[in-house]
Amino acid sequence: MIPVLAVNDPEAGAAFLCSRLGFRRDERDALLAHFGDQAVRLAGIGQALPGLIDLPFDHLALRVPDADETEAKALAQGAARHPAFTPDGPREIAEFGASGVRFIFFEGPDGWPFEFCAQRGSRDGGRGHGHYGLRCASTAAMSEKLAAMGAETRSAHTLGGPDSEVHVAFMGMDDGVFELFDEAPVAPPAPGRGWIGFLP
């Protein structure tokens, strides 16, 4: 699946990904950008895309060997940390994966979030698909929806304390991984903008 990011200026968005976040432009499609084995399709707001799977999501996470090196390189190329996710630099979640993850979020085109995530204790993870972050009111309800599409649960976690619990589930479908989480949104939804879905 290829995630679709709808922005004001798709050509400028593709150039942004390549110049600031380490993507490379597709040789045949100027609106398709690649990061390892993960492709991203840029589209205009309101643009009709035949075959689009209408499943808006919160963020794209990309796998990298080292979150700190990724941060240093992106900052040197003019990228900005995402102020709503990791304003002070990389963070860690010990519960994810075999040894936890270290991650950093950057602002992508039009400010939409891109996460770069590294498995702690390993530098051989390569670059490419990490997961699709899907913010939802209920991880159980969204799990049922994705299961009906063929996804299977890989793990489930509860983060935070009793007053600020966040439920997280990771589900796999084909070569893609979805991270479902019920944390409150950082901004009101923007229908038709941002991460609007997927192309097969």
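Predicted model: local features only at pLDDT ≥ 70, side-chain atom pairs only at ≥ 80, totals over all residues.
View 1. Cys 18 counts as partly exposed because its relative accessibility is 23%, and the limit for buried is under 20%. Cys 136 is in no disulfide, and the nearest cysteine sulfur, that of Cys 117, lies 18 Å away. Cys 136 is buried, with a relative accessible area of 11%. The structure as a whole holds zero disulfides. A disulfide is a covalent bond between the sulfur atoms of two cysteines.

**View 2. The largest nonpolar core and Phe 114.** This core has 38 residues. Leu 21, Phe 23, Phe 114, Phe 116, Leu 146 and Phe 178 touch the most other members. Beyond its neighbours within four places in sequence, Phe 114 is in contact with several residues, among them Leu 5, Leu 17, Leu 60, Ile 104, Pro 109 and Trp 195. A second, separate core of 13 residues includes Phe 85, Phe 103, Leu 159 and Val 168. In soluble globular proteins, nonpolar side chains tend to be buried together.

**View 3. An open sheet of eight strands.** The strand order is β7-β8-β9-β6-β10-β13-β12-β11, with mixed pairing. β7 (91-93) and β11 (152-159) are the edge strands; each has a single partner strand, so one side of each is left without a neighbour in the sheet. From one strand to the next, the twist averages 25°.

**View 4. The pairing of β6 with β10.** Strand β6 (residues 59-63) pairs with strand β10 (residues 128-135) in the antiparallel sense, over five bridges. Arg 63 stands opposite Gly 128 in β10.

**View 5. Helix α3 on the sheet strands β10, β12 and β13.** Helix α3 (residues 139-148) lies across these strands and runs at about 155° to β13 (176-181).

Definitions and conventions:
Residues numbered from 1 in each chain as written. Heavy atoms only, no water. Disulfide = S-S within 2.5 Å. Buried < 20%, exposed > 50% of the residue type's maximum accessible area, 1.4 Å probe, protein only. Core = buried A, V, L, I, M, F, W, Y, C linked by side-chain atoms within 4.5 Å. Contact = heavy atoms within 4.5 Å. Pairing = 2+ DSSP bridges. Helix = DSSP H or I, 4+ residues; strand = E, 2+ residues; numbered from the N terminus. Axes fitted to C-alpha atoms, helices over the stretch in contact; angles between N-to-C directions.
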